[in-house]
Amino acid sequence: MNRPMNMLWLQSGGCGGCSMSLLCADTTDFAGQLEQAGIRLLWHPSLSLAGGAELVALLEDCLAGRVALDALCIEGALLRGPNGTGRFHVLAGTGVPMVDWVRRLSAVARHVVAVGSCAAWGGITAAGANPTEACGLQYEDDRPGGLLGADFRSASGLPVVNVAGCPTHPGWVLDTLMALAADLFGADDLDPLGRPRFYADQLVHHGCTRNEFYEFKASAEKPSDLGCMMEHMGCKGTQAHADCNTRLWNGDGSCTRGGYACISCTEPGFQDPGHAFHATPKIAGIPIGLPTDMPKAWFVALASLSKSATPKRVRQNATADHLVVAPQVKRTRLK
């Protein structure tokens, strides 16, 4: 593309948390970063100065082809209620439901990007009884369909690009947009759920600072403990697809590093786990949610062996809120 990629960002049913996260991008000049990457921001509800009438004129120009719409970014779930009318969310000043605007704009956009798990699967907005009939752009939880339908493809030939997360890491969003702007993003760069593979081919477990405790199955028993949070505290880091512990948030932290269990917020249905977020459901003392691709029998055998071999230092530190026993000082030279 010889010109900047025109990006339009609209918000639907959600909290705006992905936009707030985006502003934590590692730059002192957010607008300059977009410009340097060849991205032209047509409009964003929090970052743009243009008012309602100017936005409506812009949308009409996009639909008519007077302004090229290269990337349509949707943040928040699509509200189809009540009774499929979409009238729960009408774009101010137009009298037209947001779902209708999104359908029409998606039909002319070169790329369609779902920013956050609400836009991807329905997310928190679709939790519980879902009275607003919230859904994602191309998924309803893990079921293909959503607002645009399972067969939807944008003008580029790609399905909706699901930059899932609650919220999204700013790097996930910017890296996706930069790759699209540089024409370096294709179907092979998406995982089976339409997420960019550069972060979705990782697990939150990778790089977790609690991995030594995990290896020995030395588990935390309360929120302030240093141990692994999988066995008792609801952590799903061994199942959640994201690079949160290798691409740190604000350059410094992650949920698990802050003492909070991973709730698998990049996955469909995370909002309704069927149990408290801070609890690990078990059958016969064995966690129901086991590490990805690991047979249950192997895990049980490995866990039993690991627990029997747990060093005293690791066992004591696991149930403390600070380092109680330091590693021994020993020579490591092979002499």
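Predicted model: local features only at pLDDT ≥ 70, side-chain atom pairs only at ≥ 80, totals over all residues.

Me: How far apart do the C-alpha centres of domain 1 and domain 2 lie?
Reply: The bounds come from an automatic or database domain assignment. Domain 1 covers 5-201 and domain 2 covers 202-321. Their C-alpha centres are separated by 31 Å.

Me: What area do domain 1 and domain 2 bury between them?
Reply: In contact (heavy atoms within 4.5 Å) are 27 residues of domain 1 and 18 residues of domain 2. Buried area is the accessible area, with a 1.4 Å probe, that two parts lose on being put together, summed over both. Carbon and sulfur atoms carry 55% of the total, which is about 1,700 Å².

Me: Which residues in domain 1 lose the most area to domain 2?
Reply: Three residues together account for 27% of what the side of domain 1 buries. They are His169, Trp172 and Arg195.

Me: Which residue meets Glu267 in a salt bridge?
Reply: A salt bridge is a side-chain nitrogen of Lys or Arg within 4 Å of a carboxyl oxygen of Asp or Glu. Between domain 1 and domain 2 the count is two salt bridges. The pair with Glu267 has an N to O distance of 3.1 Å, and the partner is Arg195.

Me: Which element gives the most to the side of domain 1 that touches domain 2?
Reply: Helices here are DSSP runs (H or I, at least four residues), strands are runs of E (at least two), and both are numbered from the N terminus. The elements that give two or more residues to this side are H5 (117-121), H6 (170-181) and H7 (197-200). With four residues, the one that gives the most is H6.

Me: Is Arg195 buried or exposed?
Reply: Buried means under 20% relative accessible area, exposed over 50%, and partly exposed in between (1.4 Å probe, protein chains only). Arg195 forms a salt bridge with Asp191 at 2.9 Å between the closest N and O atoms, and Asp191 is buried at 10%. Arg195 has a relative accessible area of 3%, so Arg195 is buried.

Me: How many residues apart are Arg247 and Asp175?
Reply: The side chains of Arg247 and Asp175 meet in a salt bridge at 3.1 Å, N to O. Arg247 is in the loop between H8 (211-215) and E12 (282-283), whereas Asp175 is in H6. Asp175, Asp243 and Arg247 are linked in a network of salt bridges.

Me: What is the phi of Ser264?
Reply: Most residues other than glycine have a negative phi. Ser264 lies in the loop between H8 and E12 and is buried, because its relative accessibility is 7%. Its phi is positive, near 65°.

How values were computed:
Residues numbered from 1 in each chain as written. Heavy atoms only, no water.
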